[in-house]
Amino acid sequence: MDILKKVPLMTTLHGVMTTDPAEDTVADGLWSSLHDSWVEMWASTFHIYAGTLVVVGTGTVLGTSIEAGNLWPIAFAFGMSWATLHYAMGRDMNPSISFYRWFHRDISFMRMLWLWVGQFLGGILASALVWASLGTNALSLGSTALNANLKAGNGFLLEFMGTLFMLFVWHKVHQDHMTIYLMGVAMAAVNMMLLPFTGAGVNPARVFGPSMVQCMAGDCAVTDHWWIWWVGPFAASYLVLEFDRMNMSCEKEGGAAVNPSNHDEEEGSKA
């Protein structure tokens, strides 16, 4: 297993295979797991409902040119609703965040699966509530779409980079004990960047909910590039830790370099 530590981009995989995850509520039994998933579902519901409701309310069709006046409220709704709910409830509300936490060994594999259940159910419930709230005025329920001028590879890279940026901020916020609202700002920034191009998925549950409710309503349109909103974020969940380890390695190597002025002082004291 130690050979993986020497292979580029395999350090995280080595950690998963050799390090036990933190203790969590899954060990306490089925009831605790269901409760965990239940709370995650409602947090995800509130978050996705808030964001997609603003998308519909502004009459925005994602994946197209969007007026600047519409970008701000959508980005703010997604970013600040997530930050506020995380502050109040301590929830992930995003499968890519839970996936990252499993790679980081913060949670067990089973707890991650229970969180995913809650998040995806929350996405469905949120979209159903948007539909129930607005009826035929709900447009596409705020579902994501790839800009017609882009290819699937472009969309994948955009979703990957957006999620990578967002998760890197998450990592630093928790590592350095900074305010969680910085994560909300990062999420808002990612939404402003990606809304005209991919609809700013960066959250598989937020993508899954509107798509499923549309299918339930008989308007199911699965495109060939559906995978970009899944593979991009989950790939970023893995690679953000690799990039952080590379960064830390470079910092250690830089710190190990001898400061010439200190070196001269040490030589003088020895003399």
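**Close-up 1. The largest cavity holds about 70 Å³ of space.** A cavity here is a set of points on a 1 Å grid over the protein atoms alone where a 1.4 Å probe fits but cannot get out; points are joined across faces, edges and corners, and the volume is the space filled by probe spheres set on them. This is a predicted model, where local features need pLDDT of at least 70, side-chain atom pairs count only at pLDDT 80 or more, and totals for chains, interfaces and linings use all residues. Residues are numbered from 1 along each chain as its sequence is written, and side-chain values use heavy atoms, without hydrogens and water. Look for His-47, Phe-78, Asn-94 and Arg-206 among the lining residues, which have an atom within 4 Å of a point.

**Close-up 2. Leu-141 has a positive phi of about 60 degrees, although it is not a glycine.** Most residues other than glycine have a negative phi. You will find Leu-141 in the loop between α5 (109-134) and α6 (152-175); helices are DSSP runs (H or I, at least four residues) numbered from the N terminus. Leu-141 counts as buried because its relative accessibility is 4% (buried means under 20% relative accessible area, exposed over 50%, partly exposed in between, with a 1.4 Å probe and protein chains only).

**Close-up 3. His-177 also has a positive phi, near 55 degrees.** His-177 sits in the loop between α6 and α7 (181-194). With a relative accessible area of 71%, His-177 is exposed.

Conventions. Helices (H or I, at least four residues) and strands (E, at least two) are DSSP runs, numbered from the N terminus. On a 1 Å grid over the protein atoms alone, a cavity is a set of points where a 1.4 Å probe fits but cannot get out, and a pocket is an open set with protein on both sides within 12 Å along at least five of seven lines; lining residues have an atom within 4 Å of a point.
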